[in-house]
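Let's take a walk through this structure, going from the parts of one chain to the meeting of two chains. Keep the 3D view open as you read.

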Amino acid sequence: MSQFAFDYLLLVFVSSLAAIQIAATFGGLHGLLFVKHTLVTRALGGLAITAVFIWFFADEPRNINDYKGGLDANYQGILFCYGSLAAVAVTLAASSLVNRRMRDGEAPPDEGFDALRKTSYYSALKVILVFWWRNWPTRMKQYFFG
Amino acid sequence: MELLVSDYLVPVGMALTVLALWFSAPDRATRMKQQIGVFAALTALGLSSLAVFVINSVYFRPRPFVDHDLTLLFYQPTDSSFPANSVAAAFGLATVVWSVNRPVGISLLLAAFAWGFARVYSGVHYPSDVLAAAAIGIIVGILVLKLRDLLGPIPVWVIKAARLICLA
């Protein structure tokens, strides 16, 4: 991987991490937040996005043709998927650690993101997986097809 | 202007916005609408690029800096000038997002417009390249929205499967 591609990956990873945090405050997904205070999260997120963009564009010239070291659109798309998926994975893991005391054993199995309003990702996943492990033969068809 | 015309500022900003739409809805019904919109937006982006690829394969227009004496603010692309691929993809994506979240969609349409203007100003496209690309993007976006009603169950199943592991 070239230095340019690595820089782009870092840009996407950091800005995705921040964008997910900001979006989670709007969605009320407290189980995904690293910092409990909504306004602080939004401010830090905005700051992180601004800072990483400034670093990316100030560090080196970025208007470069793809055959001279720039990134073509397809490669950009692939790197964006890697970077943003890594940001999602880090968000889920880190927020589960930070919010390990947020637990709600009653979370219904099809709640999805709504479970993350009052519990961490790890706790929600544990409850859901146990439920489906016990009930999947009878409930799965009903869940998907009504 | 060199920043705005870049291949990285507007595209990454738009992609981050689409990523944020996945997480940001305040209630279940809006979330389902926005998450289906994310699938539709990505489809519109892909189909807009495909439409431009098909047009490029039958018609080649040299870039403005080839035929005119210009102060170029960007690198010299070698592909066809007409229509502007990046602008078509941006308008396709923004049109679909506009249908699921008006304020966010309007912001993305403005970003797409600013990006198109920057590419003309920087000497890499003629205005007609950008106008045609915007038309292609908007038309593809509208077609994808029509198609979304036909293919509705597929993204709904994917979202329901993701909901089982708290990812939607």
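## Two domains in chain A

Chain A splits into domain 1 (1–99) and domain 2 (103–146). Bear in mind that what you're looking at is a predicted model.

## Where the domains touchThe contact draws on 10 residues from domain 1 of chain A and 7 residues from domain 2 of chain A. Together, domain 1 of chain A and domain 2 of chain A bury about 690 Å² between them, and 64% of that is on carbon and sulfur atoms.

What about charges and polar pairs? There are 0 salt bridges between domain 1 of chain A and domain 2 of chain A, but 4 residue pairs are in polar contact across their interface. On the domain 1 side, H3(A) gives the most, with 3 residues. That side of domain 1 is made up of 3 nonpolar residues, 7 polar ones and no charged ones.

## A closer look at A:Ser95

A:Ser95 sits in helix H3 (residues 73–98) of chain A. Is A:Ser95 buried or exposed? Its relative accessibility is 0%, so A:Ser95 counts as buried.

Which residues does A:Ser95 touch, leaving aside its neighbours within four places in sequence? They are A:Gly31, A:Leu32, A:Leu33, A:Phe34, A:Val90 and A:Ser120.

## Chain A meets chain B

Now for the contact between the two chains. Here 46 residues come from chain A and 36 residues from chain B. The area buried between chain A and chain B is about 3,300 Å², with carbon and sulfur atoms giving 67% of it. Three residues stand out: A:Asn63, A:Phe113 and A:Phe144 supply 22% of the area that chain A buries against chain B, more than any other three residues.

How many salt bridges link chain A and chain B? The count is 2. One pairing is B:Arg28 with A:Asp114, whose closest N and O atoms are 3.9 Å apart in this salt bridge. Across the interface of chain A and chain B you'll also find 7 residue pairs in polar contact.

## Chain A's side of the meeting

Helix H1 (3–27), helix H2 (38–59), H3 and helix H4 (121–145) of chain A are the elements that give two or more residues to the side touching chain B. H1(A) gives the most to that side, with 11 residues. Sorted by type, the residues of chain A's side divide into 32 nonpolar, 9 polar and 5 charged.

How values were computed:
Residues are numbered from 1 along each chain as its sequence is written. Chains are lettered from A and ligands numbered from 1 in the order in which they are written. This is a predicted model: local features need pLDDT of at least 70, side-chain atom pairs count only at pLDDT 80 or more; totals for chains, interfaces and linings use all residues. Side-chain values use heavy atoms; hydrogens and water are left out. Helices (H or I, at least four residues) and strands (E, at least two) are DSSP runs, numbered from the N terminus. Buried means under 20% relative accessible area, exposed over 50%, partly exposed in between (1.4 Å probe, protein chains only). Contact means heavy atoms within 4.5 Å. Domain bounds come from an automatic or database domain assignment. Buried area is the accessible area (1.4 Å probe) that two parts lose on being put together, summed over both. A salt bridge is a side-chain nitrogen of Lys or Arg within 4 Å of a carboxyl oxygen of Asp or Glu. A polar contact is a pair of N or O atoms within 3.5 Å; within protein, one must be able to donate a hydrogen and the other to accept it, and residues adjacent in sequence count only if both atoms are side-chain atoms. Ala, Val, Leu, Ile, Met, Phe, Trp, Tyr, Cys and Pro count as nonpolar, Asp, Glu, Lys and Arg as charged, and the others, Gly among them, as polar.
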